[in-house]
Amino acid sequence: MKEVAIRTEYITLGQFLKLADCIATGGHAKFFLQENEVHINGEADNRRGRKLYVGDRVEVEGCGVFTVTGS
């Protein structure tokens, strides 16, 4: 499981995908989420604006499993 550290209270799923190196730019998030499954804390979600907080577990199809951590 990989860790992605954030310095703010939360991060959006679209920003997270870029930080986790699943997509090259934030503009790819919409298309990526249409074609790949993402589970947040065990529940499927494809909203790029979904807020992720420290402690959330994110599974990204074809990219890996991540935990959001604080800096």
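This is a predicted model: local features need pLDDT of at least 70, side-chain atom pairs count only at pLDDT 80 or more; totals for chains, interfaces and linings use all residues.
Local features are taken where pLDDT is at least 70 and side-chain atom pairs where pLDDT is 80 or more, while totals for chains, interfaces and linings use all residues. Residues are numbered from 1 along each chain as its sequence is written, and side-chain values use heavy atoms, with hydrogens and water left out.

Consider the sheet. Helices (H or I, at least four residues) and strands (E, at least two) are DSSP runs numbered from the N terminus. Five strands form an open sheet with mixed pairing, in the order E1-E7-E6-E3-E4. Its edge strands, E1 (2–6) and E4 (43–44), each pair on one side only; two strands pair if DSSP finds at least two bridges between them. E6 and E7 pair in the antiparallel sense over four bridges. Glu59 stands opposite Val65 in E7.

Thr69 also lies in strand E7. Thr69 has a relative accessible area of 16% and is therefore buried (under 20%; exposed is over 50%, partly exposed in between, with a 1.4 Å probe and protein chains only). Beyond residues up to four places away in sequence, Thr69 touches Glu3, Val4, Ala5, Ile6 and Val54, a contact being heavy atoms within 4.5 Å.

The whole structure holds one disulfide, defined as a pair of cysteine sulfur atoms within 2.5 Å. The sulfur atoms of Cys22 and Cys63 are 2.1 Å apart. The pair links distant parts of the chain, 41 residues apart: Cys22 is in the loop between helices H1 (13–19) and H2 (29–35), and Cys63 in the loop between strands E6 (57–60) and E7 (64–70). The link is left-handed, with -95° about the S-S bond. Cys22 counts as buried because its relative accessibility is 15%.
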